[in-house]
Amino acid sequence: MRIYADNAATTPMCPAALAAMLHCMEERYGNPSSLHTPGQRAKETLETAREEIAALLHAAPRELTFTSGGSEADNQALRSAAALGRRQGKTHIISTAFEHHAVLHTLDRLAREGFSVTLLDVHTDGLVRPEELEAAIRPDTCLVSVMYANNEIGTVQPIRELGAICRARGVLFHTDAVQAVGQLPIDVQADHIDLLSASAHKFHGPKGVGFLYARRGVALTPLIEGGAQERGKRAGTENVPAVAGMAAALRESAAQMEQNAARLIPLRDRLIEGLQTIPHAARNGDALRRLPGNVSFCFEGIEGEALLLLLDDRGIAASSGSACTSGALDPSHVLLAIGRSHDVAHGSLRLSLGPETTEAEIDYIIENVRDVVEYLRGFSPVWRERAEGKAPFVL
Ligand SMILES: *Cc1c(COP(=O)(O)O)cnc(C)c1O
């Protein structure tokens, strides 16, 4: 059996996106900046895609800027809000400790440039508390950035409440919605969102394309200088086929959103229930306020990396929270942010289901995770210590 359970890392492209891209590459090869007919036809494709995507988010077409993906959109959102803040003498930014590195590393850089950054606590359930945001806002706060749904533990934040607080206090609100777009209904107006990042390859579109929504009146600072494409907000000839693929993928995701969630949630909960029967295992993140397809666990006494490789041998593609940087295995900053110890955070596993996932696959995953966890614990010194009572179990 070959099971793809890593849809939070990336998704396979849907046939509609592929067809739209092929059509575009064959027929719409013109440069959208050219005045001749092939150019204008390419421009038409680009603008139709923009209208379509904007409508799905309750935004206006001119509020969308196409980017190379989620990371670029996050960078540009934060840099733009910081520049606007600086001009008003406001240099305080609020975010959370479990954001994507595209946000956290941009914040690090802004901190080095003189901004002060407050990171909100995300609590053990993986959720921020609106009242804590309210309390953290200062007269010099220029931006709040809180992700819509977390990519590792899948928790979905109370975005509408957070947005309302920011709007009432006159602070710009950015959300990294890369994991949410195409999965959850998003309304930038009702949610009081000023800036929103998205990426096509997380909703069955192509890699290397995404968009940044910026509410009318929120000026974007270009990260790339050059031609006047994207109203001067992002230079470079537009990636028309990728944008067309993204629009087709989002159209399809939006059309199937409800039935997809209705199918995935029972599968997700079946998987969570099954994994919970493994001793000394714990779910990460709230049981209900999570993405329809996200399952995240910690297993005491094992290394997530080893678990991952052995599951791959058995045909299961999953992910662990650990990131291998310069040969050292760092535990996930997300799991540390929700209060997991280093030890326990190392034994993490994320399974992210997709529209193809079946019940038989879920049962196969449960059986094999149980098996592999038991096998790995068999020669884990950390596990032995605990099993022999020399150290206490944490989970
Ligand atoms: C994948 C992801 C990103 C980065 O998007 P890219 O298009 O791969 O650059 C940013 N934020 C979140 C939450 C993600 O899951």
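1. Basis. The model is predicted, so local features need pLDDT of at least 70 and side-chain atom pairs count only at pLDDT 80 or more, while totals for chains, interfaces and linings use all residues. Residues are numbered from 1 along each chain as its sequence is written, and side-chain values use heavy atoms, with hydrogens and water left out.

2. Seven strands form an open sheet with mixed pairing, in the order 2-8-7-6-5-3-4. Helices (H or I, at least four residues) and strands (E, at least two) are DSSP runs, numbered from the N terminus; two strands pair if DSSP finds at least two bridges between them. Strand 2 (64-67) and strand 4 (116-120) are the edge strands, each with a single partner strand, so one side of each has no neighbour in the sheet. On average, neighbouring strands here are turned by 20° against each other, direction ignored.

3. Strands 2 and 8. Strand 2 runs antiparallel to strand 8 (residues 210-214), and four bridges join the two. Phe66 has Phe211 in strand 8 as its bridge partner.

4. Helices on this sheet. Helix 3 (residues 70-87) lies across strand 2, strand 5 (141-145), strand 6 (172-176), strand 7 (195-199) and strand 8, at about 165° to strand 7. Helix 4 (residues 101-112) touches strand 3 (92-96), strand 4, strand 5 and strand 6, and its direction makes about 155° with that of strand 3. Contact means heavy atoms within 4.5 Å. Axes are lines fitted to C-alpha atoms, for helices over the stretch in contact, and angles run from 0 to 180 degrees between N-to-C directions.

5. The ligand site. The ligand is surrounded by 13 residues, the closest being Ser71, Asp176, Gln179, Ser199 and Lys202; a residue is near a molecule if one of its heavy atoms lies within 4 Å of it. Helix 3 gives the most to this shell, with three residues. By class, the shell has two nonpolar, eight polar and three charged residues. Here Ala, Val, Leu, Ile, Met, Phe, Trp, Tyr, Cys and Pro count as nonpolar, Asp, Glu, Lys and Arg as charged, and the others, Gly among them, as polar.

6. An oxygen atom of the ligand is 2.6 Å from an N or O atom in the side chain of Ser199. For His201, a polar side-chain atom lies 2.9 Å from a ligand oxygen, and for Gly70 a polar backbone atom is at 2.8 Å from a ligand oxygen. The ligand taken alone exposes 380 Å², of which the protein buries 87%; accessible areas come from the Shrake-Rupley method with a 1.4 Å probe, and for residues only the protein chains shown count as cover.

7. Three strands form an open, antiparallel sheet in the order 9-10-14. Strand 9 (281-283) and strand 14 (348-352) are at the edges, each with a single partner strand, so one side of each is left without a neighbour in the sheet. The twist from one strand to the next averages 25°. Three bridges join strand 9 to strand 10 (residues 294-299), and Ala282 stands opposite Cys298. Helix 7 (residues 240-276) lies across strand 9, strand 10 and strand 14, at about 10° to strand 10.

8. Thr277. This residue lies in the loop between helix 7 and strand 9. The side chain of Thr277 reaches the backbone oxygen of Gly274 at 2.6 Å, and a polar contact of 3.3 Å joins the side chains of Thr277 and Arg370. A polar contact is a pair of N or O atoms within 3.5 Å; within protein, one must be able to donate a hydrogen and the other to accept it, and residues adjacent in sequence count only if both atoms are side-chain atoms.
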